[in-house]
Structures are given as structure tokens and as C-alpha cells.
Amino acid sequence: MKLKKLTALTLALSLALSLTACGGGNDSPSGGGASNSSSGGSNGGASTATTTEIVDDTTGLKIPCEPIELSMGCSGTVEGTIMGDALDKYLAELKEWTDGNFVINFYPSGQLGGDVELIEGAQMGSVDIFNGAPTSQVGLIPELAVLDISGLYDNVDDCNSVLNGGFTDLIEPYYNNAGLHVLGMFATDFRITSSNDPINSMDDLKGLNIRTQENKYHMEFWRQLGANPTPLAFGELYIALQQHMMDAQENPWASYVGAKLCEVQNYMTFTNHIPFVSTYIMNNAKYQSLSDAQKQALNQFIYSVRKYQLEGTVEDDARMQKLCEDDYNLVCSEVPEDVKAAYPAATQAVVDLMKKDIDPTFVDNYLEAVKAVTGG
């Protein structure tokens, strides 16, 4: 596995060298990597940079830094989820590490707008940090579409090996050109499929009205499987399912439970068709204006949130599954063999469509990096 990961890294880095003309660069830890803070950027005041590295155990950690207050928004509901727990814990710890000097005010549930408004806000500087899925950012950074290719991974560890093996650094220049900086990018679990009726075979997908995000690559995958994918705002999904305007939807456990979709759909199929990737994106000018010590504190915060989620998501998903089975009579099943067997052809159709929109070499290099890790 180590050899595969090194190969993936080599592929990603070789592609990165070919893209240096894109401008910008990642001069700080991204994806939550364990590293010293960046030396780039300054707020013009006296530096209080520490030699403290990113650490796993933050007990008693102290990172002296100048006072700063940032805003962070996301469109989703995080209450009662492991993401919400992670943010609650480390937003408080961030203050402790810095003796109250580093404060992030968090606005979940679309308080500052939907995903599009939030990413635009981060560009303009009205929002400092945006948390959301890459899907909502493809209109701004088309190359992120490679993360929308379904059917590539059997486990999220492999996806994180690719993301941390060079992809985050590779995509950073594109964010820089848009006035943004990648603080972190990681996969927590898979998107799975709930439905009104059980999905036992390919026949059950024929004509299935399934809600998807407004993403043509997601839609093409489901179309290739015989379903009828229909984009719909997430806030309208509960009513649409309740009134049987939709037959199915696909999301990770946290979204299914958080939006109380368990009240209106009682079948769950572990399609595991695409990892759910979470990104933390910051206004680049704001990030570069931070002192070394402020960057250190922020990078430690992102790393700690990532670590907490990755270590606890499997257990938390199991908790939510049991809750839904016990309280809502949810029936769970593995993806049918004939459906899983249809994934490669559906995936290839998505790849072919994607190569019409973005550089085919970029797509091929990403796929080679995936194969190097998965052995596929």
C-alpha cells in the first residue's frame, strides 16, 4: 500500500509540474497535513510564530497569536452530527490554544446563504471560511469535477490517500486564481441511497425518480443505471419525498438523519457510489494576511476537526443506522450485485462526458492516481 500511495503522489506531482503556469501555489499545510506553519504572509505586526507543529494530542497546547476574529459558514445542518460535534469541540479549543485571541464565528444551516452564495462570499471576502462539498464549486473550478466521478472507490481511506497524496496541492493553484485557499479537503463516508421501495436489482432502478444535486456528472451516472435523476434543492427534499414526488434520494447518513428523511423513507441501500468530500475554503488574501502564528492555529484547528471526523464517522454512522432501524423501522441492504456490476460502464460514461468539459489529461492523471491506490 505504501508503494501505491507513493506512485499516486508521483503522478499527482508530475501533473502539478505541468500546471505551474496556472499561477499561485500552496505555501501552507492543506488537507490537514502535519507540518510546521507557513512562513508566507504577514499581518504587518510583530510575528509571534511558534515552533509548535501540528499535533494529534492538543492537551495543554498553547499557540500565542495576535487577536483575530473570522466568520465561517455552511449551508447544511450540523446539529447532532459528528461534524457538529467536531466543530463545537475545536472552535472552543481554538480559543483555549490562543488564550481567547483566535475566534471563529460559525454560521451553519445557510444562515449566510446557500453553497453558491457562500463560495462567492469567500471570494469577495464577506465570508472568511466556507465549508461544503466540491460539487457546489465546480462552476467556479471545473477541474474539481473529477471528484464527482462515481464508482471509483470501495472505501474512503483510498479516497483520502489520493486527496492527501498530492491532489489538494494540485488543485490549490486553481483556487488561488479564484482568490481562494484550500484549508482542508477530506472524505468522511459515502453517499448512500434511500427509497420508498426496496432496491433489489437493476429492474428497481428503471425509471426511479431519484433526487440528485444539480450536477450533470452525478445525473449521468444514475441515468446510465436506468434511473430518472432530478435535481432539487435540499431544503425542498423532505416535502417532495413525503408527497411521493420523488422515489429516492442519495446522501450520506448525516444528511439523511439531520434532515429527518428517516421519517418519510424507510429503505436504505448501501450504494456507496461516491465518497462524500468535505472542503474548508478560505479567502486567499485573508489567509495570506495572517501571521505565522495565526496560520499555525488555524491549520491546527482544521487538522483536529478532520482527525475527529475521520476517526469517529464509522461509529457515528452505525449509531444513526441503529437509531433509524429501531425508531423508524428502516430496512437496510447492500447494493445488489447486478447494480454494482453496472458501475464500471456508468463510470466510463461519466468520464467520457467530463473529458468534453475539462482537460482530458487532468482527468486521466486523476484516474491513474486512483488506480495506483486502489489497484483497480
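## Salt bridges in a predicted model

R223 is partly exposed, with a relative accessible area of 41%. The model it belongs to is predicted. R223 has a charged partner, E220, and the two form a salt bridge. Their closest N and O atoms are 3.0 Å apart. E220 is buried, at 15% relative accessible area. Both residues sit in helix α5, which covers residues 216-224. They are three residues apart there, so about one helical turn separates them.

Side chains of opposite charge can pair when their charged atoms come close. In this model the count of salt bridges comes to eleven. Three of them are described here, including the E220 and R223 pair.

**A pair between strands**

R191 and E250 also meet in a salt bridge through their side chains. The N to O distance is 2.6 Å. R191 lies in strand β4 (residues 180-195), while E250 lies in strand β7 (residues 248-251), so the pair ties together parts that are 59 residues apart in sequence. Are these two residues buried or exposed? R191 is buried, with a relative accessible area of 3%. E250 is buried too, with a value of 1%.

**A pair within helix α9**

E311 forms a salt bridge with K307. Here the closest N and O atoms are 2.9 Å apart. Both residues belong to helix α9, which runs over residues 292-328. They are four residues apart, about one turn of the helix. E311 counts as exposed, at 57% relative accessibility. K307 counts as partly exposed, at 22%. The cut-off explains the label for E311: a residue is exposed when its value is over 50%, so 57% qualifies.

The table sets out the pairs with their distances and places.

| R191 and E250 | 2.6 Å | strands β4 and β7 |

**A residue in helix α11**

A345 is placed in helix α11, which spans residues 343-354. Is A345 buried or exposed? A345 counts as exposed, at 54% relative accessibility. How far apart are the C-alpha atoms of A345 and F221? They are separated by 9.1 Å. Along the chain, A345 and F221 are 124 residues apart.

Conventions
Residues numbered from 1 in each chain as written. Predicted model: local features only at pLDDT ≥ 70, side-chain atom pairs only at ≥ 80, totals over all residues. Heavy atoms only, no water. Salt bridge = Lys/Arg side-chain N within 4 Å of Asp/Glu carboxyl O. Helix = DSSP H or I, 4+ residues; strand = E, 2+ residues; numbered from the N terminus. Buried < 20%, exposed > 50% of the residue type's maximum accessible area, 1.4 Å probe, protein only.
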